[in-house]
Amino acid sequence: MGKIVVFWSPWHGQARVTASMGAVAMALSELQGERVVMTHTQFGMADMEGMFDLRTKEEQKQVLYESAGLNALILNFKQAELKKESIERCSMQVPSANNLFMLPGLTKEAALLQGDELEDMLEYILTECVTEAYDWVLIDLASGKNAFSKRLMEKADVIVVTLSQNVATWDTLFQEYQNLVTKDNVFFLFGGHKASSKFNVKNFKRMYRQYADGENAGIVPDCVGYMDAVSDGIVPTFYLMNEHVKRKEENYLFITECKESAKKIRALANKETTKGGRRKT
């Protein structure tokens with residue numbers, strides 16, 4: 001059964017949650033040849049799809065949403081038991097990435113038609129069905145104190161708390177979400193991380209050493225090339241072109257740290273350290 005990794009932030013638009021998930025997803029899919037699928041709980045067109053589909057025109061996206069993604073999965077679920085083959089048919093392979101797939105989100109129109117049972121169906125499909133078809137299920141959650149996000153966090157193998165380098169938000173996180181940050185499956189990830197800031201991940205681990213250590217904190221470095229690729233919808237092309245860059249070459253730090261964060265998340269999901277030992281809880 002596949003592992004569930006949810007990506008969440010206390011505040012919307014602060015920490016590049018979706019872009020960070022895309023970077024980790026690319027790295028994770030290349031590590032061990034394991035199959036990774038991405039999805040999200042935002043209704044309507046979201047950034048996740050655009051990062052990987054060359055920014056497909058809106059009218060074309062509507063067609064894609066009708067025949068693939070969560071829309072199609074819910075329709076199939078209502079008609080019969082979801083099998084691995086039907087889940088794979090509803091998924092879209094990311095161009096150029098052999099082991100990376102995505103499940104486009106649910107349209108607003110479909111969400112209205114499903115009514116109050118929608119969240120129950122989505123929770124079951126994502127946590128009990130999709131995990132039978134893929135090694136890793138990565139879910140971009142709604143930010144803040146969202147009830148459905150909380151439900152999926154309870155089912156997750158790893159909760160990735162995506163942070164910015166705004167130090168004021170750190171204190172708020174540890175004050176308002178104490179029950180979350182003390183969980184032993186939480187991973188702290190800085191999106192768009194700038195090492196030159198005094199509020200970098202090194203000082204974060206020093207300031208909150210009772211919660212964060214070298215194994216449950218990581219970064220997706222600030223990288224102009226990657227953010228341009230996000231805007232152009234060519235994330236796989238950018239990542240694969242730079243996957244084997246040499247030290248001192250442009251984008252080396254970005255690729256290296258994304259791989260490192262993916263390794264740490266993989267280890268945490270398996271209750272291990274990156275060195276292969278058992279993680280202390």
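Q: Where does His193 sit?
A: His193 is in strand E7. Helices (H or I, at least four residues) and strands (E, at least two) are DSSP runs, numbered from the N terminus.

Q: What kind of model is this?
A: The model is predicted: local features need pLDDT of at least 70, side-chain atom pairs count only at pLDDT 80 or more, and totals for chains, interfaces and linings use all residues. Residues are numbered from 1 along each chain as its sequence is written, and side-chain values use heavy atoms, leaving out hydrogens and water.

Q: Back to His193. Buried or exposed?
A: His193 counts as buried because its relative accessibility is 6%. Buried is under 20% relative accessible area, exposed is over 50%, and partly exposed lies in between (1.4 Å probe, protein chains only).

Q: Which residues does His193 touch?
A: Leaving out residues up to four places away in sequence, His193 touches Gln165, Asn200, Val201, Ile219, Val220, Pro221 and Asp222. Contact here is heavy atoms within 4.5 Å.

Q: What does the His193 side chain reach?
A: The backbone nitrogen of Val201, at 3.0 Å. That is a polar contact: a pair of N or O atoms within 3.5 Å, where within protein one must be able to donate a hydrogen and the other to accept it, and residues adjacent in sequence count only if both atoms are side-chain atoms.

Q: And how far apart are His193 and Cys223?
A: They are 30 residues apart in sequence, and 8.7 Å apart in space, C-alpha to C-alpha.

Q: New topic. What order do the strands take in the sheet?
A: The open sheet of 8 strands runs E3-E4-E2-E5-E1-E6-E7-E8, with mixed pairing. Two strands pair if DSSP finds at least two bridges between them.

Q: Which are the edge strands?
A: E3 (92–93) and E8 (217–221), each pairing on one side only.

Q: How do E1 and E5 pair?
A: E1 (residues 3–8) and E5 (residues 136–140) pair in the parallel sense, over 5 bridges. Val6 stands opposite Ile139 in E5.

Q: What does H1 touch on the sheet?
A: H1 (residues 17–31) packs on the sheet and touches E1, E2, E4, E5, E6, E7 and E8. Its direction makes about 170° with that of E5. Axes are lines fitted to C-alpha atoms, for helices over the stretch in contact, and angles run from 0 to 180 degrees between N-to-C directions.

Q: And H8, what does that touch?
A: H8 (residues 147–155) also packs on the sheet, touching E1, E5 and E6. The direction of H8 makes about 145° with that of E1.

Q: How do the axes of H4 and H7 cross?
A: The axes of H4 (residues 70–79) and H7 (residues 118–129) come within 11 Å and cross at roughly 95°. So H4 is roughly perpendicular to H7. Under 35 degrees is roughly parallel, over 145 roughly antiparallel, 65 to 115 roughly perpendicular, and the rest oblique.

Q: Which residues meet there?
A: Leu70, Leu73, Ile74, Phe77 and Lys78 in H4 meet Leu118, Met121, Leu122, Tyr124, Ile125 and Leu126 in H7.

Q: Where is Ser96, and what is its phi?
A: Ser96 is in the loop between E3 and E4. Its phi is near 75°, positive in a residue other than glycine. Ser96 counts as exposed, at 56% relative accessibility.
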